[in-house]
Structures are given as structure tokens and as C-alpha cells.
Amino acid sequence: MKGSDQLVDMALLYFSLSFLCIGGTIPLVPDMHRFFVDTRGLMTTAEFAGYIALAQVAPGPNILYIALFGYHVAGIAGALTALTAISFAPFVMMVITTRMFTRLQQNPWREVVLRGLAPVTVGLMFAGCMVLTRGFADWRAWTLAGVAFTVFTTTKLHPLWMIGAGALVGVVFGM
Amino acid sequence: MLLRSDEYFLLWIHLPNPARAIGTLSVTHLSLSYHQTMLDSAARQPFVPSRRALFVAFLQIGVSAFGGALPWGRRILVEDRKWMDEREFAEIVTVCQAIPGPNMVNMAVFVGTRYHGILGALLAFVGIVGVPLMILLLLNNVYHAFAHVPQVQSGMRGMAAVATAYMLYMSIKMGGPFWKRPWGLVLCAVAAALALFAHWHMALVLLVCGAVGVALSKRGQL
């Protein structure tokens with residue numbers, strides 16, 4: 001596929017996903033993985049997971065890993081295309097919502113819909129985590145993830161420290 | 001007390017000497033009406049941050065947001081800038097959750113639109129995303145320059161494992177009240193299985209399971 005075709009291909013993917021990213025973009029990870037790794041073969045699962053981790057270390061809102069996927073495919077143009085496409089629907093919807101904020105605030109359906117969607121969103125986030133574990137090389141990665149998960153649930157340690165520790169463990173044990 | 005101590009002091013030193021001598025009682029009375037007019041004029045002309053201030057505030061949020069931007073948004077918008085109070089912030093966050101997109105980016109668009117229309121929304125969006133994007137691309141280039149070093153690869157795998165665990169932790173924390181409802185757990189598991197094993201597209205999962213979820217929640221079972 002030519003570079004420009006790939007760009008359009010990716011823009012279309014993110015444009016369509018931008019309507020669906022309720023509860024952030026993490027529930028979209030299975031769909032993105034299918035696109036970049038399974039059907040288009042643009043990167044490996046390890047690279048895919050690496051970009052997500054890299055974005056966690058850097059500051060900023062957590063859609064930026066999407067720009068990294070774009071950058072991987074088509075450089076700066078790819079990063080900007082991916083980010084613009086994924087932001088399209090949220091941006092337009094938010095501008096409209098702001099104008100009718102008070103009415104929406106009083107609508108009794110708001111709470112009902114939010115409650116109904118919560119389990120589905122969380123289920124999709126689980127699926128995303130499971131997809132990422134396919135990139136785990138061996139039992140050491142599983143152990144590290146297990147320990148990290150325990151630390152996250154039992155302490156209030158900032159995630160950045162744990163990610164740094166993860167890098168250190170990775171180097172020391174040659175994962 | 002409706003007055004801050006400095007306002008109180010300013011009023012006091014502007015009063016003529018006999019009034020000072022009479023003491024606190026009359027001063028409090030005077031200052032209350034003075035303060036009331038101040039409040040009225042503030043209500044008539046609501047505070048609107050300049051475009052520049054808007055951009056800078058969201059740039060600050062973007063750059064300081066490590067692992068979740070929401071706490072930083074609260075700190076900068078509510079505590080530092082006082083553009084909104086605690087309750088309003090929470091309400092806007094719930095609206096942002098109902099609209100697709102990451103919460104804090106949606107929040108930027110909301111605040112931008114509210115003060116300066118579409119242009120404000122664009123400014124706030126670029127503010128929160130722009131500089132972090134540059135930092136990340138730089139970091140990415142550094143990583144790729146050393147990607148052939150086996151230690152860098154190992155470190156990256158370790159980081160990825162922890163990041164995955166963090167994602168899992170976040171999704172459990174996000175779940176909220178439905179963990180205690182059996183139907184919520186079933187729906188959650190079904191949605192995950194459909195995406196993972198049946199390879200359904202997200203849109204289809206959201207449509208089918210979302211409809212079931214809304215129906216259940218309408219009956220008060222979620």
C-alpha cells in the first residue's frame with residue numbers, strides 16, 4: 001500500500017472510532033490492535049504495547065499513544081492525522097453539549113444511560129488488557145504485571161514510579 | 001464573616017476617626033453593604049478568562065498530567081484559577097464522561113467553548129494536547145535511536161507489563177457501583193468475551209451490550 005493510501009486508511013479508522021470512544025480510548029484498544037497488527041500488519045504486538053507504555057511515561061492526556069501509532073505508520077503527518085481523526089466526533093459533540101449543558105444536566109435519562117454503559121465499557125477495557133498480554137514474552141512479564149497490579153490496588157503509589165521500576169526490573173532480569 | 005481580612009482593613013482605614021472609635025459593630029454593618037454591592041457587580045459581569053489565559057491554563061494541565069489528567073485539571077481550574085467551584089467541576093466531568101473522548105480533553109473543549117466559542121475550544125484543545133505531543137514524539141525518537149540495544153528492549157517490555165497492569169487497575173476502579181450487581185458482572189464478562197473471542201467490532205459490542213445495559217439500568221438492575 002502507498003503511504004498516502006495508508007494515511008487515508010488510518011484516518012477512516014480513527015474517524016469512525018471517534019464516535020465510539022465512550023469512557024476514553026482504552027476500550028478501543030482491541031479494535032486498534034486488530035487494525036494495526038492483525039489485518040494491516042503494520043507493527044507487532046510488542047511494538048503496539050510499547051507505544052502505549054511510552055505514552056504512559058510522558059505527560060499529557062492519554063490519547064497521545066494514538067498519535068504514536070500514527071507516527072509509526074506515516075511520521076508527523078500520520079501523528080497529526082490520527083489525533084485529528086480520533087478527536088473529531090468528541091470535539092463537535094462537546095461544543096454542542098456545552099451550549100445545552102443545563103438541559104442535559106436535568107435529563108433523567110443521563111444517569112440511566114451512564115449506568116447501563118459502564119459494564120460494557122469496563123468489559124471492553126478488560127479485553128484491551130488481555131490483548132496486550134499477548135505481547136508478554138514469558139512468565140516473568142506475567143509476574144511483574146501481577147506484582148504491579150497488587151501494588152496499584154493496595155497502595156497509593158504514583159503509577160509513574162511503578163512504570164520506572166518496571167523498566168528497571170526489565171533491564172535487570174533481561175526480559 | 002463575609003469579608004476577607006484585607007477588605008475589612010481597607011474599609012476600616014477609610015473610615016473617619018470617630019467611626020473607628022465606635023468600633024467594630026458599625027464597621028461590620030457598613031462593610032456588609034459595601035461587600036454586597038461588590039458581589040452584585042461581580043454577578044452582573046461574570047469573569048471571563050482571556051484567550052491567552054485559557055490556552056496557558058490547559059497547556060499547564062497537559063504538561064503536568066502524568067498518569068491521568070483529571071486530578072490536575074481539578075487542581076488548576078478549581079484551586080488555582082477558581083474558574084469554577086468543586087461541584088460545577090464534578091458536574092462537567094459527568095457530562096464529559098457521557099460524550100465520547102478522553103475526559104480531560106472534553107473538559108478543555110467545554111471550558112474553551114463556554115468562554116470563547118469554537119476558537120476557545122480549539123485553543124484549549126491545542127493547549128492540552130500540543131506540547132505533550134511534542135514531548136512524546138521526542139521521547140519516541142530517543143527510544144527508537146536506542147531500540148537496537150537489548151537493555152532498552154528489556155526495559156520497554158518491563159514498562160509495558162506494568163502499564164498493562166495499570167490499565168487493568170484503572171478499568172476496575174472505573175467500574176463503580178455495578179460490581180455489586182450480578183447482571184453488571186455478566187454484562188461486563190459478555191462484552192469482554194465478544195470483543196476478545198468472537199472478534200466483534202467495538203461498535204457492535206457497544207450497540208448490543210449497551211442496549212441490554214440501558215434496559216437493565218432502566219429496570220434498576222445496574
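Me: How do you know that the span of helix α4 (residues 51–64) of chain B agrees with its 14 residues?

Reply: Take 1.5 Å times one less than the number of residues. For α4(B) that should give 20 Å, and its end C-alpha atoms are 20 Å apart, so the two agree. Bear in mind that this is a predicted model, where local features need pLDDT of at least 70, side-chain atom pairs count only at pLDDT 80 or more, and totals for chains, interfaces and linings use all residues. Residues are numbered from 1 along each chain as its sequence is written, with chains lettered from A and ligands numbered from 1 in the order in which they are written.

Me: What makes α4(B) a helix with buried residues lining one face?

Reply: Helices here are DSSP runs (H or I, at least four residues), numbered from the N terminus. In α4(B) the buried ones are Leu54(B), Phe55(B), Ala57(B), Phe58(B), Ile61(B) and Gly62(B). Looking down the axis, they fall within an arc of 165°, so they line one face; the arc is that of the directions from the helix axis to the C-beta atoms.

Me: What covers those buried residues of α4(B)?

Reply: The cover includes α5 (70–80) and α7 (103–145) of chain B.

Me: Why is α6(A) called largely enclosed?

Reply: Of its 25 residues, 18 are buried, so the rest of the structure largely encloses α6(A).

Me: Where does α6(A) bend?

Reply: At Ala118(A), by about 30°, with a proline, Pro119(A), following within four residues. The bend is the angle between axes fitted to the seven residues ending there and the seven starting there.

Me: How many residues does each chain bring to the contact?

Reply: Chain A puts in 88 residues and chain B 80; two residues are in contact if their C-beta atoms, placed from the backbone, lie within 7 Å. On the side of chain A that touches chain B, α6(A) gives the most, with 21 residues.

Me: How confident is the predictor in chain A?

Reply: On pLDDT, the predictor's confidence in each residue from 0 to 100, chain A has a mean of 87, and 98% of its residues reach 70 or more. Confidence is lowest in α5(A), at a mean of 74, and highest in α7(A), at 93.

Methods:
Helix = DSSP H or I, 4+ residues; strand = E, 2+ residues; numbered from the N terminus. Buried ≥ 20, exposed ≤ 12 C-beta atoms within 10 Å, placed from the backbone.
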